[in-house]
Amino acid sequence: MDRWQKALTFRGRVAYFAPYVLLILVAAMNLVPFAEISSTTEEDGAVVSSFTTKLHPDHAVNVVYSESSEEDLEAFGGDTTTKTSVEDDFVANAFFEDIPELAESVDERLSQVTFWVLLIVVIGFTAKNSGKGLQIGTVTFSDRRAIQGAVMAFISVLMLLMVGSIFSDFGTLDEEVKEDIENDEDLASFNEGAWGAIVQETTEDGIDNAVKWGPSWLFYFALLALLVSLAAAVAGLSTLMPGLDVDEAPVWPRGEAPAFLDKEFTMAWFGAVV
């Protein structure tokens, strides 16, 4: 048995567990930012102020720290946090182009992914049939797997579009801002793109300013979800390919699902959560 055929013996497990892994990842994606912008000012090597903007698909969170007001804000951890809409966020829109449009695109893709993942998980869970994927009427086992694989392929396309839009559209500096930066005499380094930074050094006063930006947690969760959905798509669609019939390993180590999955309270709990 070659490596490919050996891997196919586990496709039943991949098809069964992938939707639940995706559910966890998508839930996390709805809570975390897709990008961050941070600005730090140091004097003689010590941070005297900082400003961090966390861009979520539907809002922005700004965290501000200042050494001069640290004592007054000690009860709050030494910084202040404000929440605004992406359109009204000053830092993001002052430095970068098309941030609101990018946030709207990410929000739309995330809503679509959330819907499809919830749909496939609800159908699979309510079937209470270990290892047989989606349960749709009297459709045959291989066809059910193929349908699930097709849905997973569609989810992977949505994930790819989301990851691609963040990677390609985030980090494009406003032209006027870029021109001012390039003409700055104190400019020490300047990197553009999705992962970028602007560093200014004033040697006489010992003050350094740095602005850094890059994709955040949502981007990396989406990458992981892309890999999971691709694996599940291959697991499902491979059942349609001739010559790939193999004896699959059982989904559960003992060949049957845990008893609690068949309990009515488990179904009620799951329904309440989703």
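Q: What places V14 in a helix, and which one?
A: In this predicted model, V14 falls within residues 11-29, the run that forms helix 2.

Q: Why is V14 called partly exposed?
A: The relative accessibility of V14 is 30%. Buried requires under 20% and exposed requires over 50%, so V14, at 30%, counts as partly exposed.

Q: What does V14 touch beyond its neighbours in the chain?
A: With residues up to four places away in sequence set aside, V14 touches P19, A231, A232 and A235. Contact here means heavy atoms within 4.5 Å. For V14 and A232, the C-alpha to C-alpha distance is 5.8 Å, while 218 residues separate them in sequence.

Q: Why is S216 called buried?
A: Its relative accessible area is 6%. The limit for buried is under 20%, therefore S216 qualifies.

Q: Where is S216, and which residues is it in contact with?
A: S216 sits in the loop between strand 7 (207-215) and helix 7 (217-237). Leaving aside neighbours within four places in sequence, S216 is in contact with P33, F34, A35 and E36.

Q: Which residues have the most contacts inside the largest nonpolar core?
A: They are F34, I37, L55, M159, M162 and L218, in a core of 47 residues. Helix 2, strand 1 (35-43), helix 3, helix 4, helix 5, helix 6 (175-182), strand 7 and helix 7 each supply at least two residues of this core. Helix 4 gives the largest share, nine residues.

Q: What does L218 touch?
A: Not counting residues up to four places away in sequence, L218 touches M29, V32, P33, F34, P57, V106, L110, M162 and I166. F34 and M162 are also listed among the core residues with the most contacts.

Q: Why is F167 called partly exposed?
A: The value for F167 is 48% relative accessibility. Exposed begins over 50% and buried lies under 20%, so F167 at 48% is partly exposed. F167 belongs to helix 5 (residues 141-169).

Q: What makes the nonpolar surface patch that includes F167?
A: F167, W195, Y220 and L223 make this patch, with an area of about 410 Å². A patch residue needs over 30% relative accessible area, and F167 has 48%, so F167 passes that cut-off.

Q: What is noted about the phi of D98, and where is D98?
A: Phi of D98 is near 60 degrees, a positive value in a residue other than glycine. D98 is in the loop between helix 3 (90-95) and helix 4 (99-127).

Terms used
Residues are numbered from 1 along each chain as its sequence is written. This is a predicted model: local features need pLDDT of at least 70, side-chain atom pairs count only at pLDDT 80 or more; totals for chains, interfaces and linings use all residues. Side-chain values use heavy atoms; hydrogens and water are left out. Patches are made of residues with over 30% relative accessible area and no salt bridge: like charges are joined within 9 Å, nonpolar side chains (Val, Leu, Ile, Met, Phe, Trp, Tyr) within 5 Å. Accessible areas come from the Shrake-Rupley method with a 1.4 Å probe; for residues, only the protein chains shown count as cover. A salt bridge is a side-chain nitrogen of Lys or Arg within 4 Å of a carboxyl oxygen of Asp or Glu. Helices (H or I, at least four residues) and strands (E, at least two) are DSSP runs, numbered from the N terminus. Buried means under 20% relative accessible area, exposed over 50%, partly exposed in between (1.4 Å probe, protein chains only). A nonpolar core is a set of buried Ala, Val, Leu, Ile, Met, Phe, Trp, Tyr and Cys residues joined through side-chain atoms within 4.5 Å.
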